[in-house]
Amino acid sequence: MSTGIEHFTAAIEGARGGPGRRHPPWLAELRAQAADRFAAEGLPGKKHEEWKYTRVDALGRVPWAAAESGPVLPASEAIAEASLEGCHQLVLVNGRYAAGL
């Protein structure tokens, strides 16, 4: 019987060791633990008190995949306008750190 999470677990496995991915060992271990727990428990549902009124069953029917790295879209000028002087800045584009910005 299908649990509806096969594409989630496949995407997680595909994202674990893709080319150019360097993660600190502690982060790789946390992600592995989270992936194993998700594979064992699946999506939350009525059996989970905190989720009993939230319908997430449709998520199991969506073919999810990890985002691919792509071109950096925002202009450096737009980022500079939002910068605060004397502060550290991290720029994320589509959920990925953009070192060039």
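**View 1. Exposure of Tyr97 in strand β2.** Y97 counts as exposed because its relative accessibility is 53%, where exposed means over 50% relative accessible area, buried under 20% and partly exposed in between (1.4 Å probe, protein chains only). Y97 lies in strand β2, which spans residues 96–97; strands (E, at least two residues) and helices (H or I, at least four) are DSSP runs numbered from the N terminus. The model is predicted, so local features need pLDDT of at least 70 and side-chain atom pairs pLDDT 80 or more, while totals for chains, interfaces and linings use all residues. Residues are numbered from 1 along each chain as its sequence is written, and side-chain values use heavy atoms, without hydrogens and water.

View 2. The protein exposes about 8500 Å², of which carbon and sulfur atoms supply 58% (Shrake-Rupley method, 1.4 Å probe; for residues, only the protein chains shown count as cover).

**View 3. Helices and confidence.** The order of elements along the sequence is α-α-α-β-β. Among these elements, mean pLDDT (the predictor's confidence in each residue, from 0 to 100) is lowest in helix α1 (residues 6–16), at 71, and highest in helix α2 (residues 25–41), at 87.
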